[in-house]
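Dear colleague,

A written account of the findings follows it.

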Amino acid sequence: MQTNNIDSFGFLSKKLARYYEVEMACVKSYIPKSPKVLEVGYGRGSFLQYGKQRLWDITGVEINQDLVDEAKTNNYNVIAARDLNGLKANDFDLVCAFDVFEHIDAEEIHDYVMSLKRLLKPGGIILAKFPNGDSPLGMPNQNGDLTHKIAIGSGIIHDLAKSSNMHLVLLKGNAEPFLGLGLINFIYRLIIYPTRFVLNILFNIIFSANNRVNFCASNLVVVLKK
């Protein structure tokens, strides 16, 4: 399959590949070297391609039939489904949901997490990314799509972990690769990282001393373990 065309299904840019590589590092110790992976809401298939390149047993789930047809045409293993009840329980080492949780109704988010948990093998991992509901820096992402239904911050995540009886392994800002994307990116990160670090400390001291938040992150990433 050709993946050098930015409009092609499964196109994986160097920037996205590096992002996935850094993000996956936080779950590496919890999954086998050749994991069975499910991605819910795979969109244009960049993460499916990332997993395929690494010879993972990776499956995608989508509600958009056009994306399902396109994925199948390009030889990806995908399923069209509006819910996950038809998938086998205790079957996956890792379930990923990039920019999915914010599309779920507030009253349904707990049941949705439980449906993901059902799919995991014992000790399996959910990794999800969503706009940062704890910070105004997350608002452009949250408000940039009419289909977004819930703003998710750290409080909701702690509640979800508790109500679903899952271990909250990690809650952080989304990965921003420091290396591997050229000199300009390196210099930019070299300047921005310390600034964000200091601002985050100051914000928490002034506004949120009793409930630490990732103020300087535009997105949050959560890792939950079954």
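The notes below cover the sheet, the helices on it, the salt bridges and one surface patch.

This is a predicted model, in which local features need pLDDT of at least 70 and side-chain atom pairs count only at pLDDT 80 or more, while totals for chains, interfaces and linings use all residues. Residues are numbered from 1 along each chain as its sequence is written, and side-chain values use heavy atoms, with hydrogens and water left out.

The sheet

Seven strands form an open sheet of mixed pairing, in the order E3-E2-E1-E4-E5-E7-E6. Strands E3 (78-80) and E6 (167-173) are at the edges; each has a single partner strand, so one side of each lacks a neighbour in the sheet. On average, neighbouring strands are turned by 15 degrees against each other, direction ignored. Helices (H or I, at least four residues) and strands (E, at least two) are DSSP runs, numbered from the N terminus; two strands pair if DSSP finds at least two bridges between them. Axes are lines fitted to C-alpha atoms, for helices over the stretch in contact, and angles run from 0 to 180 degrees between N-to-C directions.

Strand E1 (residues 36-40) is joined to strand E2 (residues 57-62) by five bridges in the parallel sense, with Leu-38 opposite Thr-59 in E2. Helix H2 (residues 46-53) packs on the sheet, where it touches E1, E2, E3 and strand E4 (92-98), and its direction makes about 170 degrees with that of E2; contact means heavy atoms within 4.5 Å. Helix H3 (residues 65-73) lies across E2 and E3 and runs at about 155 degrees to E3.

Strand E7 (residues 219-225) is largely enclosed by the rest of the structure, because six of its seven residues are buried. Buried means under 20% relative accessible area, exposed over 50%, and partly exposed in between (1.4 Å probe, protein chains only). E7 runs antiparallel to strand E5 (residues 120-131), with seven bridges between them; Lys-225 in E7 is the bridge partner of Ile-125. E7 also pairs with E6 in the antiparallel sense, over six bridges, and there Leu-170 stands opposite Val-223 in E7.

Salt bridges

A salt bridge is a side-chain nitrogen of Lys or Arg within 4 Å of a carboxyl oxygen of Asp or Glu, and by this rule the count is seven. Among them, Lys-172 and Glu-23 have their closest N and O atoms 2.5 Å apart. Lys-172 is in strand E6 and Glu-23 in helix H1, so this pair ties together parts that are 149 residues apart in sequence. Glu-23 is buried, at 0% relative accessibility.

Helix H1 (residues 14-24) also holds Arg-18 and Glu-21, three residues apart, or about one turn of the helix. Their side chains meet in a salt bridge (3.4 Å, N to O), and Glu-21 is partly exposed at 40% relative accessibility.

Another salt bridge joins Asp-93 and Lys-121 (3.4 Å, N to O). This pair links strand E4, which holds Asp-93, to strand E5, which holds Lys-121, 28 residues apart. Asp-93 is buried at 11% relative accessibility, whereas Lys-121 is partly exposed at 29%.

Helix H7

Val-198 lies in helix H7 (residues 183-207) and is partly exposed, at 44% relative accessibility. The C-alpha atoms of Asn-204 and Asn-214 are separated by 8.7 Å, the two residues being ten apart along the chain.

A nonpolar surface patch of about 830 Å² is made by Phe-197, Val-198, Leu-199, Ile-201, Leu-202, Ile-205, Ile-206 and Phe-207. Patches are made of residues with over 30% relative accessible area and no salt bridge, like charges being joined within 9 Å and nonpolar side chains (Val, Leu, Ile, Met, Phe, Trp, Tyr) within 5 Å. Accessible areas come from the Shrake-Rupley method with a 1.4 Å probe; for residues, only the protein chains shown count as cover.

With kind regards
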